[in-house]
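Keep the sequence and the 3D view open as you read.

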Amino acid sequence: MKFRHEWKHEINYSDMLALRSRLQAVMVMDSHTINGKYEIRSLYFDNLQDKALLEKLNGVNMREKFRVRYYNGDTSFILLEKKSKMNGLCHKEQTQLSAAETQAISDCNMDRLRESAKPLVQELYLKIQTQGLQPKTIVDYTREAFVYAPGNVRVTLDYNIRTGITGTDFLKKTCVTIPAGNAPVILEVKWDEFLPSVIRDIVQLNGRHSSAFSKYAACRIYG
């Protein structure tokens, strides 16, 4: 398992405008963006005791969460992801799903999940059975992403964070989402073994410090 370093900072709109200009001067825009950005929709899983939420809020050192996501409303490419965190480092596993598989996961269709040959789907099935995982909330947001080859650095600006409240049929474009409270703009910086000084200098903002902000937690504000 390969783990990556990750920083998160809560910033404001003015910070974002300044950062965007500086990042564009040094880094390359992610090739998947459309006009410099893309829309992300995720469906997060948790159990009845809100294990994933509470572990995040309490800063548990070793934790994991499952989510399904797609980009720019395109349901022809959907990913099931498991994100693990250990000692401040992050690791992500993912596998592609069809729309039918995604609907089965959203519906907790045990028969369909049981038949899957994909290891990550099998793991999710096992944890639905043993931990009571179930679809919990939709998280929508806009992302601007920049990459820098040395250090395999990725810097993202996430904003317009919205929640589906209790709706979990996230394959429907008509699913209604609303703003997740007063969620800030989130700056995320991820890298492998080292963070080049040029990038470290760019992302340093006066008065802004590393944050444990969670888009999932923010989107649970209504339940």
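## Val26 and helix H1

Setting aside neighbours within four places in sequence, Val26 makes contact with Tyr148, Val198, Ile199 and Ile202. Please bear in mind that this is a predicted model. You will find Val26 in helix H1, which covers residues 13–26. Its relative accessibility is 31%, and Val26 therefore counts as partly exposed.

## The chain as a whole

Seven helices and 10 strands make up the secondary structure elements of the chain. The radius of gyration is 17 Å, close to the 17 Å that the globule rule gives for 223 residues, so the chain is as compact as a globular protein of that length. Along the principal axes, the C-alpha atoms fill a box of roughly 50 × 35 × 30 Å.

Of the 223 residues, 50% count as buried. The chain exposes about 10900 Å², and carbon and sulfur atoms supply 52% of that area. If you take contacts between residues at least 6 apart in sequence, 70% of them join residues at least 24 apart.

Side chains of opposite charge can pair when their charged atoms come close. How many salt bridges does a search of the whole structure find? The count is 28.

One of its partners is Asp46, with the closest N and O atoms 4.0 Å apart. Asp46 belongs to strand S3 (residues 38–46) and Arg220 to the segment after H7, so this pair ties together parts that are 174 residues apart in sequence. Arg220 also meets Asp50 in a salt bridge, at 3.1 Å from N to O. Here too distant parts of the chain are linked: Asp50 is in the loop between S3 and helix H2 (51–57), 170 residues from Arg220.

Arg220 counts as buried at 12%, and Asp50 is buried at 17%.

## A helical pair and a network

In another salt bridge, Lys127 pairs with Glu123, and the closest N and O atoms are 2.8 Å apart. Both residues are in helix H5 (residues 119–131), and because they are four residues apart, about one helical turn separates them. An α-helix has 3.6 residues a turn, so residues three or four places apart point the same way. Lys127 counts as buried, at 13% relative accessibility.

Elsewhere, salt bridges link a whole network of residues: Glu6, Lys8, Lys83, Lys85, Arg143, Asp158, Glu188, Lys190 and Lys215.

## Cysteines without a disulfide

How many disulfides does the count come to? It comes to zero. Cys90 is in no disulfide, and the nearest cysteine sulfur, that of Cys219, is 18 Å away. For Cys175, the closest cysteine sulfur is also in Cys219, at 12 Å, which is too far for a bond.

Cys90 is buried, with a relative accessible area of 7%. Cys175 is buried as well, at 17%.

Phe213 is in the loop between helix H6 (197–203) and helix H7 (215–218), and it is buried, with a relative accessible area of 14%. Beyond its neighbours within four places in sequence, Phe213 is in contact with Lys8, Glu10, Lys56, Ile161, Ala183, Pro184, Ile186 and Ala218.

Thr177 lies in the loop between strand S8 (153–163) and strand S9 (178–179). Thr177 is buried too, at 11% relative accessible area. Not counting residues up to four places away, Thr177 touches Arg41, Ile138, Asp140, Arg162, Thr163 and Gly164.

In helix H3 (residues 99–106), the buried residues include Glu101, Thr102, Ala104, Ile105 and Ser106. After H3 comes Cys108, with a positive phi near 55°.

## A nonpolar patch

Which residues form a nonpolar patch on the surface? They are Ile165, Ile221 and Tyr222, with about 270 Å² of accessible area together. Ile221 lies in the segment after H7.

Key
Residues numbered from 1 in each chain as written. Predicted model: local features only at pLDDT ≥ 70, side-chain atom pairs only at ≥ 80, totals over all residues. Heavy atoms only, no water. Disulfide = S-S within 2.5 Å. Buried < 20%, exposed > 50% of the residue type's maximum accessible area, 1.4 Å probe, protein only. Helix = DSSP H or I, 4+ residues; strand = E, 2+ residues; numbered from the N terminus. Contact = heavy atoms within 4.5 Å. Patch = residues over 30% accessible without salt bridge, like charges linked within 9 Å, V, L, I, M, F, W, Y side chains within 5 Å. Areas by Shrake-Rupley, 256 points an atom, 1.4 Å probe, with all protein chains shown as cover. Salt bridge = Lys/Arg side-chain N within 4 Å of Asp/Glu carboxyl O. Rg over C-alpha atoms; globule rule 2.2 N^0.38 Å.
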